[in-house]
Amino acid sequence: MKLKFAFFAFFLLQLSIVSAQDSFRRVVPGTPHFALKSNLLYDATGTINLGFEVKTGRKHTLDVPVNYNPWTFHENRKWKHFLVQPELRYWLCEAFQGHFLGIHGHYGQYNVGNLPFGGNLKDSRYEGWLAGGGFSYGYHRMLSNRWSIEATLGLGYAYLSYDKYPCKKCGELLKSDKKHYLGVTKAAVSLIYIIK
């Protein structure tokens, strides 16, 4: 009798698993292939940004964000920059689902100064370019069929070449220099709209 009951319970469990899998397939039809995104952290700084991500394989995507800030703020504060940061992603489960690892490169141009952070960025203005790359980790969560959110953090290297000026608006060139940076190279909390 116990053996028959165990067999019947096992049969019901298998039937419920198959039914749940069938329901899941109907509710979540395949993974997205193309999405547009905006980094909310850049939005908070007044930076115009738009990115796209395209599926290149079952567990691979290409993410390309572009950021542009042309503004001079109150009291001649400059946070002007252009940055592009393409990233190849490997998804641990499936593209656009859960955890991912990425490798990114970056190139940018900047003109920054008179910022309230203290130190050199408050007292001087820097104008130049940067390039480098790094590794990142992130997590993607679907909110609905069309909307999702994702958080990403990356560490890496950047080579900065710049000219330093003594004042906010004008001034003679103090020096041209280069700097090697190791640390955080990517931070994003992105709102995503699925196109396809």
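Which residue in S2 is the bridge partner of Leu 36? I looked it up and found Phe 52.

**Entry 1: ground rules.** I am working with a predicted model, where local features need pLDDT of at least 70 and side-chain atom pairs count only at pLDDT 80 or more, while totals for chains, interfaces and linings use all residues. Residues are numbered from 1 along each chain as its sequence is written, and side-chain values use heavy atoms, with hydrogens and water left out.

**Entry 2: overall layout.** I noted three helices and 10 strands in the protein. Helices (H or I, at least four residues) and strands (E, at least two) are DSSP runs, numbered from the N terminus. Along the sequence I read the pattern α-β-α-β-β-β-β-β-β-α-β-β-β. The protein has 196 residues, and 34% of them count as buried. Buried means under 20% relative accessible area, exposed means over 50%, and partly exposed is in between (1.4 Å probe, protein chains only). Of the contacts (heavy atoms within 4.5 Å) with a separation of 6 or more, 57% are between residues 24 or more positions apart.

**Entry 3: strand S1.** I followed S1, residues 34-39, to its partners. S1 pairs with S2 in the antiparallel sense over four bridges. S1 also pairs with S10, residues 175-194, in the antiparallel sense over five bridges. Two strands count as paired if DSSP finds at least two bridges between them. On the S10 side, Ser 38 has Leu 191 as its bridge partner.

**Entry 4: aromatic pairs.** I searched the whole structure and got seven aromatic pairs. Rings of Phe, Tyr and Trp (its six-membered ring) pair if their centres lie within 6.5 Å; planes under 30 degrees apart count as stacked, over 60 as edge-to-face and the rest as tilted. Phe 34 and Phe 52 have ring centres 6.0 Å apart and planes at 20 degrees, so I filed the pair as stacked. Phe 34 is in S1 and Phe 52 in S2, so this pair ties together parts 18 residues apart in sequence. Phe 34 is partly exposed at 28% relative accessibility, and Phe 52 is partly exposed at 32%. For Trp 129 and Tyr 159 the centres are 5.6 Å apart and the planes at 50 degrees, so that pair is tilted. Trp 129 lies in S8 (residues 125-142) and Tyr 159 in S9, so the pair ties together parts 30 residues apart in sequence. I also noted a cluster of Trp 91, Phe 96 and Phe 100, linked by ring pairs.

**Entry 5: two single residues.** Is Ser 148 buried or exposed? Ser 148 is buried, with a relative accessible area of 0%, and lies in strand S9, residues 147-165. Its side chain makes a polar contact of 3.0 Å with the side chain of His 140. A polar contact is a pair of N or O atoms within 3.5 Å; within protein, one must be able to donate a hydrogen and the other to accept it, and residues adjacent in sequence count only if both atoms are side-chain atoms. I then turned to Arg 58, in the loop between S2 (48-57) and S3 (60-69). Arg 58 is exposed, at 54% relative accessible area. Leaving out residues up to four places away in sequence, Arg 58 touches Cys 93, Glu 94 and Ala 95.
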